[in-house]
Amino acid sequence: MTDALFQPVAIGPYRLPHRVAMAPLTRSRAGQPGDVPTAMNAHYYRQRASAALIITEATQISPQGQGYAWTPGIYNQDQVHAWRQVSTQVHEAGGLIFMQLWHVGRVSHPSFQPGNGLPVAPSALPVPGKTFIVDEQGQGVWSDVPVPRALTTEQIAEIVSDYRQAARNALAAGMDGVEIHAGNGYLLDQFINSNSNQRQDAYGGSIEHRARLLLEVVEAVVAEAGAERVGVRLTPMGRFMGMGDETPEATFGYIVQALNRWPLAYLHLVEPAVVGTVKDENFDPRWDAIIAQLRATWHGVLMLAGGYDPATANQAVASGRADLIAFGRPFLANPDLPRRIREGLALNTPDPSTFFGGDQRGYVDYPSHP
Ligand SMILES: Cc1cc2nc3c(=O)[nH]c(=O)nc-3n(C[C@H](O)[C@H](O)[C@H](O)COP(=O)(O)O)c2cc1C
């Protein structure tokens, strides 16, 4: 039984017919040169338009915000124009689509940076991770990440205005709203977590200071899009890209309480049982307590993602743990996922070898159920 997933729910001005959302999924197939969506990308999203809400793959707000090969941008008019074909296709098929806005911070490489400079971060601390770059032969290869440079306060202000412009561009591209990516060890998460932020100015030190950049970004994006068209994604206790916080209950409790200032479309949390794309068998046992705490603190709609199957998703909604569930890998492999869940049909299996980069294989050729 999956009845709980098939009750309508409102987010901002939108009435969703059910609660099976598509999680943001980087697929590294943007058109080159220029990191612009293609007709194939538009087709991929159209195939998945039966989602209650599509959240696009993470989309860089500036050249500086890019950290991986072939990810799309939303900082110039060519990209706005190209994204419009995506929103048009999804709308024609009856869907709703928010764009995930992304700045990777230190998880980048000079080959993406303006002037081949160093990637930026709250503090000059290295990332215990790798990124995916294009080599001289045009092939994608994994690469170590250099020690980043710490941002000045003036440079931080420029990033806030890049977010605002990106939100404006997303709406101009026909998006129904935007999701601010504040998780998975990227820039906003690097500011939030105590182990990646050693600043001693207004953006580091206390919880209030570490949360400041996220809240400034939310304020700027809300000014552009209206709170009811803005969602925020957080990964409390996530360990991807070396994240860690000394007092996660206090840090994320403060942030969620502060986000209540705006009537946002939704808050989106990722279960820490999934680190990046890998199941973490040793996830922090405090998670169940923290999610209950954040659920009680948050006044709006709560979306959860991470390792859900139809039964556990339905249980999460039925029990009140979440209002909506975002599916990542299951939606990647099943363009008609809501119908399959509702009718109890078998699911296609995702193929990790085609997750990032490549052509139509493993992208638009997963079949719908006959
Ligand atoms: C191929 C792939 C790409 C992903 N890209 C993003 C992304 O762009 N932004 C993001 O916030 N999370 C991203 N994630 C994380 C997913 O949104 C989701 O949280 C994760 O896959 C766990 O959900 P699942 O178990 O339903 O797949 C990605 C995951 C995968 C597998």
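Predicted model: local features only at pLDDT ≥ 70, side-chain atom pairs only at ≥ 80, totals over all residues.
**The cores**

Let's start inside. The largest nonpolar core takes in 87 residues, and those with the most contacts inside it are Leu214, Val232, Leu234, Leu259, Leu264 and Ile325. Helix H5 (residues 207-225) supplies the largest share of this core, with ten residues. There's also a second, separate core of 18 residues, and Val9, Leu53, Ala265 and Ala326 are among its members.

Not counting residues up to four places away in sequence, Leu234 touches Ala182, Ile192, Leu214, Phe252, Ile255, Val256, Leu259, Leu267, His268, Leu269 and Val270.

Ile159 is another one to click on. It sits in helix H3 (residues 153-172) and counts as buried because its relative accessible area is 2%, under the 20% cut-off. Leaving aside neighbours within four places in sequence, Ile159 is in contact with Ile61, Gln64, His103, Val120, Leu151 and Leu187. Met99 is 60 residues from Ile159 in sequence, and their C-alpha atoms are 18 Å apart.

**Around the ligand**

Which residues come nearest to the ligand? Of the 19 around it, they are Pro24, Thr26, Arg233, Gly307 and Arg329. By class, this shell has nine nonpolar, eight polar and two charged residues. Here are some distances to ligand oxygen atoms.

| Residue | Protein atom | Distance to a ligand oxygen |
|---|---|---|
| Thr26 | polar side-chain atom | 2.6 Å |
| Ala58 | backbone N or O atom | 3.2 Å |
| Arg329 | side-chain N or O atom | 2.6 Å |

As for cover, the ligand on its own has 610 Å² of accessible area, and the protein covers 95% of that.

**A buried glutamate**

Is Glu271 buried or exposed? Glu271 is buried, since its relative accessible area of 7% is under 20%. You'll find Glu271 in the loop between strand S12 (266-270) and strand S13 (274-275).

Most residues other than glycine have a negative phi, and most peptide bonds are trans. A few spots here go the other way.

The peptide bond from Gln32 to Pro33 is cis, with omega near -5 degrees. Pro33 belongs to the loop between strand S3 (20-22) and helix H1 (39-47).

Then there are two asparagines. Asn116 has a positive phi of about 55 degrees, although it is not a glycine. Its place is the loop between strand S5 (97-102) and strand S6 (120-121). Asn116 is classed as exposed because its relative accessible area is 54%, over the 50% cut-off. Asn184 also has a positive phi, near 55 degrees, and lies in the loop between strand S10 (177-181) and helix H4 (187-192).

How values were computed. Residues numbered from 1 in each chain as written. Heavy atoms only, no water. Core = buried A, V, L, I, M, F, W, Y, C linked by side-chain atoms within 4.5 Å. Buried < 20%, exposed > 50% of the residue type's maximum accessible area, 1.4 Å probe, protein only. Helix = DSSP H or I, 4+ residues; strand = E, 2+ residues; numbered from the N terminus. Contact = heavy atoms within 4.5 Å. Near = heavy atom within 4 Å. Polar contact = N/O pair within 3.5 Å; in protein donor to acceptor, adjacent residues only side chain to side chain. Areas by Shrake-Rupley, 256 points an atom, 1.4 Å probe, with all protein chains shown as cover. Nonpolar A, V, L, I, M, F, W, Y, C, P; charged D, E, K, R; others polar.
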